[in-house]
Amino acid sequence: MSKKEKLLKKIRNNPRAVRFEELDKILIGVGFERSQPKGGSSHYTYTLEDKLITIPYKRPHVKVVYVKVAIRILEDLGY
């Protein structure tokens with residue numbers, strides 16, 4: 001099992017304890033492009049073809065609703 005697969009399994013098993021950096025690593029690893037609007041916004045937008053997800057940077061963990069949306073998009077992509 002690769003590191004990406006282990007991290008994805010960890011995220012799926014416990015969506016309440018996902019750090020922004022972990023979710024960022026998975027999304028970038030599958031091909032998403034990250035952008036942040038100018039002006040110091042805390043929200044990051046990830047795009048891949050027609051898929052779009054916006055995730056606010058929050059410490060220590062990302063809110064569950066954003067993690068579940070990301071998991072759903074990853075499952076649609078076949079991950």
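Trainee: Which residues are buried in helix α2?

Mentor: Buried means under 20% relative accessible area, exposed over 50%, and partly exposed in between, with a 1.4 Å probe on protein chains only. Helices are DSSP runs of H or I with at least four residues, strands are runs of E with at least two, and both are numbered from the N terminus. In α2, residues 20-29, the buried ones are Phe 20, Glu 22, Leu 23, Asp 24, Ile 26 and Leu 27.

Trainee: What should I know about the model behind these values?

Mentor: This is a predicted model: local features need pLDDT of at least 70, side-chain atom pairs count only at pLDDT 80 or more, and totals for chains, interfaces and linings use all residues. Residues are numbered from 1 along each chain as its sequence is written, and side-chain values use heavy atoms, with hydrogens and water left out.

Trainee: What covers the buried residues of α2?

Mentor: Contact here means heavy atoms within 4.5 Å. Both helices and strands contribute to the cover. It includes α1 (3-13), β1 (33-35), β2 (43-48), β3 (51-56) and α3 (64-76).

Trainee: In what order do the three strands form the open sheet?

Mentor: Two strands pair if DSSP finds at least two bridges between them. The pairing is antiparallel. The edge strands, β1 and β3, each pair on one side only. The order is β1-β2-β3.

Trainee: How many bridges join β2 to β3?

Mentor: These strands run antiparallel. Tyr 44 stands opposite Ile 55 in β3, and Thr 47 stands opposite Leu 52. The number of bridges is six.

Trainee: In the hairpin of β2 and β3, which residue takes a positive phi?

Mentor: Two residues lie between the strands of this hairpin. The positive phi is near 55°. The residue is Glu 49.

Trainee: What kind of aromatic pair do Phe 20 and Tyr 57 form?

Mentor: Rings of Phe, Tyr and Trp (its six-membered ring) pair if their centres lie within 6.5 Å; planes under 30 degrees apart count as stacked, over 60 as edge-to-face and the rest as tilted. The structure holds three such pairs. For Phe 20 and Tyr 57, the centres are 4.8 Å apart and the planes 75° apart, so the pair is edge-to-face.

Trainee: Is Tyr 57 buried, partly exposed or exposed?

Mentor: Tyr 57 sits in the loop between β3 and α3, 37 residues from Phe 20. Phe 20 counts as buried because its relative accessibility is 6%. Tyr 57 has a relative accessible area of 29%, so it is partly exposed.
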